[in-house]
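This short report covers ring geometry, core packing and a helix crossing. Have the coordinates open while reading.

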Amino acid sequence: MFEKIQNELAEYFGIDASKITPTTSFKDDLHADSLALMELMFSLESETGKTLDDDVMDKIVTVGDLCALLEN
């Protein structure tokens, strides 16, 4: 799951996938705003078939947090 999210983020933000780790912060490292997170959420929902509630997205700080949520 991590590699899938890593590649999605690399493509979305136009950066090298190797720079994205489980500890990468959406806000501090990727400088993602709320619009970017919503777009990412919709994309991941369609790819994984899982629904992510808006309130859950507020609790996701790192890429690892997102991976853990999608793996459960």
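F13 has a relative accessibility of 23% in this predicted model.

How many aromatic pairs does the structure hold? There is one. Y12 and F13 form it: their ring centres are 4.9 Å apart and their planes meet at 75°, which makes the pair edge-to-face. The cut-off for that class is over 60 degrees.

Next, the core. The largest nonpolar core counts 19 residues. I5, L9, F26, V63 and L66 have the most contacts inside it. Three helices each supply at least two of its residues: α1 (2–13), α2 (34–48) and α4 (63–71). Take L66 and set aside neighbours within four places in sequence. L66 then touches I5, F26, L40, L44, L52 and I60.

How do α1 and α2 pack? Their axes lie 11 Å apart, at an angle of about 135°. The two helices are therefore oblique to each other. Their crossing is right-handed. On the α1 side, the contact residues are K4, I5, E8, L9, Y12 and F13. Facing them in α2 are A36, E39, L40, S43, L44 and E47. Both members of the aromatic pair, Y12 and F13, thus belong to the α1 side of this contact.

Note on methods: Residues are numbered from 1 along each chain as its sequence is written. This is a predicted model: local features need pLDDT of at least 70, side-chain atom pairs count only at pLDDT 80 or more; totals for chains, interfaces and linings use all residues. Side-chain values use heavy atoms; hydrogens and water are left out. Rings of Phe, Tyr and Trp (its six-membered ring) pair if their centres lie within 6.5 Å; planes under 30 degrees apart count as stacked, over 60 as edge-to-face and the rest as tilted. Buried means under 20% relative accessible area, exposed over 50%, partly exposed in between (1.4 Å probe, protein chains only). A nonpolar core is a set of buried Ala, Val, Leu, Ile, Met, Phe, Trp, Tyr and Cys residues joined through side-chain atoms within 4.5 Å. Helices (H or I, at least four residues) and strands (E, at least two) are DSSP runs, numbered from the N terminus. Contact means heavy atoms within 4.5 Å. Axes are lines fitted to C-alpha atoms, for helices over the stretch in contact, and angles run from 0 to 180 degrees between N-to-C directions. Angles under 35 degrees count as roughly parallel, over 145 as roughly antiparallel, 65 to 115 as roughly perpendicular and the rest as oblique. A crossing is left-handed if the near helix is turned anticlockwise from the far one by less than a right angle, and right-handed if clockwise.
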